[in-house]
Amino acid sequence: MEMDFLPGRPRSLWIATSHETNYPRLTGRLKVDVCIIGAGIAGLTAAYLLREGGFSVAVLDSKRILTGVTGHTTAKITLAHGLIYRHLISKLGQDRARLYAEANAYGLQRINQLVEMNRIDCGLSPARMYIYTESKEGIDEIQAEAEAARSLGLNARFMETVPLPYETAGAAVYEDQARFHPRKYLLALAELASGSRNVIYENTMALDVREGNPCEVIAEGARVLANDVIVTTNLPFMHRGMFYAKAFPIRSYVLAMRVGDRVYPDTMFYSAGNPAHSLRFQETPDGLYALCGGGDHKTGQGGDTAKRYLELERFFAGRFKVGSIDYRWSTQDYDSMDRMPFIGPVTSRSKHVYIATGFGGWGMTAGTLAGAMLTDEIMGLENRYSTIFSPARFELGIGGREFISENANVAR
C-alpha cells in the first residue's frame, strides 16, 4: 500500500548514503571451514575475524548484505541499554550483571580497534549517552540506574541537566560511548574479509542446516559443506533451540530529520518513559540529520503503521524546529526474556552449529561481541562470557514466568 502522505522517503539513511553491493549468488557445491548464514554486524564481524585467523569462510545472505536489521539501526555504540543494570543485578546478581557490562564494553572496544587497525572511514567518533526522563516521578529510577551502572564499573553518573531543547528532569549519563556509519564500517569489513577471493554470496537463501562431520548447509540452488556453521539471521530459522519461543520480536520506527535547533552531534539520547524515544545525530555530505526513533511495539500488535510514523513526527516536531523529514524506516529486533542475547552452540548437544540472536535493539556492541565470541568458540579458545550468553540457558526463577506469558502473547 502506498503511503505518500507520510513524511520522508521510505529508505534508511545508512543505505541511502553508502554504496550498493553486488556480490554473486552461490550456485553448486562449496566446501569451506566455516559457513556463516546472515551478513549483519555479527556475521560480518565473525567472517573478518575468522579470515584473519586463517579459516576459509562462506557468508550467505538471502538478500543484499546489510539491508536487514543492521542496515536499519540507529547505530548507537553504547553500553547504556535503557534501564538494564538495576534489572540485571536484581534478577541475575552482581557478578553476572558485571559480566554483561564488561562483555558489551568489549564489543565497543573491538569496534574501535578494528576501525583504527584498518583505517576504516566510517565517521567513528566518541559520544556521550543520556538515559533521561521528562518526568520528575522518574528521577528515582534514573538515579538508581546510574548507581547500578557505576557499581558495575561503568563510567556513569546522574545529571539533572540534559542538553535538549525541551524540559527534562534528569538523566543517567554514560561517558566514552561512540557512534558511526554502520554500513560504511561493515562494507569495509566485508571487503577485508573477501580479500582477493569471494567469500560473500548474496541472494542465496539458506533452507536448512544439517549438523555432522562435516555440516551441510542446504540453500536454494547450492550446498555448502563446512566444519562449523554460524547462524546470525535475526532469529535462527531452524527449529532447534526453540528460539521462536525464547525470544520475541519488537518493531520500532525512525525518522531522519533536519532540525534548526542548536544540537550536540556528540551526544545520544534514550528516554526511559513509555513510550520510549531515542535521538542521535549524524553528519552527511548533505548536512546534519537528527535520527528520531520510537513507537516500539511487539510485532503484529502495533496497529496502523502510518499512525506510528505520524505520532513520531508529532512528538519530535513539538520539541524541535524541524526543517524537513527526509527519510523514514522501521526495523525489527528480537529480545530475550532475561534481556541478554543468546550467543553460542544452538543446543547443549550441538558441537558445530552456533547462533547469535536476541540483541534487544542494542546490536552494535552485542553483535560485535557475538562475532568475536563465536570466532573464539571455533578456534577452541576460552571466552569468559560464554556461560552467561549460552543459548541453552534456562532458569525457571529467571525466565519461567516470562516464558509462559510471552508465548501466550505470541499465540494471541
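Buried means under 20% relative accessible area, exposed means over 50%, and partly exposed falls in between (1.4 Å probe, protein chains only). All views show a predicted model, where local features need pLDDT of at least 70, side-chain atom pairs count only at pLDDT 80 or more, and totals for chains, interfaces and linings use all residues. Residues are numbered from 1 along each chain as its sequence is written, and side-chain values use heavy atoms, with hydrogens and water left out.

**View 1. Pro-24 sits in a loop between helix 1 (13-16) and strand 2 (28-37).** Helices (H or I, at least four residues) and strands (E, at least two) are DSSP runs, numbered from the N terminus. Pro-24 comes out as partly exposed, at 39% relative accessibility. Leaving aside residues up to four places away in sequence, Pro-24 touches Asn-198, Ile-200, Tyr-201 and Glu-202, with contact meaning heavy atoms within 4.5 Å. Glu-202 is 178 residues from Pro-24 in sequence, yet their C-alphas are 5.8 Å apart in space.

**View 2. Helix 4 covers residues 94-118.** Its 25 residues reach 36 Å from first C-alpha to last, close to the 36 Å expected at 1.5 Å a residue; that expected span is 1.5 Å times one less than the number of residues. Buried residues here include Tyr-100, Asn-104, Gly-107, Arg-110 and Val-115. The helix's buried residues pack against helix 2 (41-52), strand 4 (76-77), helix 3 (85-92), strand 7 (170-179), helix 6 (182-194) and helix 9 (363-379). Just past the end of helix 4, Arg-119 takes a positive phi of about 50 degrees.

**View 3. The largest nonpolar core has 88 residues.** A nonpolar core is a set of buried Ala, Val, Leu, Ile, Met, Phe, Trp, Tyr and Cys residues joined through side-chain atoms within 4.5 Å. Tyr-85, Tyr-174, Tyr-185 and Phe-389 have the most contacts inside this one. Helix 4 supplies the largest share, nine residues. Not counting residues up to four places away in sequence, Tyr-85 touches Tyr-100 and Ala-101, along with others including Glu-145, Leu-152 and Tyr-174. There's also a second, separate core of 26 residues, which includes Val-217, Ala-222, Val-224 and Phe-342.

**View 4. Cys-35 is in no disulfide.** A search of the whole structure turns up zero disulfides, taking a disulfide as a pair of cysteine sulfur atoms within 2.5 Å. For Cys-215, the closest cysteine sulfur is in Cys-35, and at 9.5 Å that's too far for a bond. Cys-35 is buried at a relative accessible area of 0%, and Cys-215 counts as buried at 0% relative accessibility.
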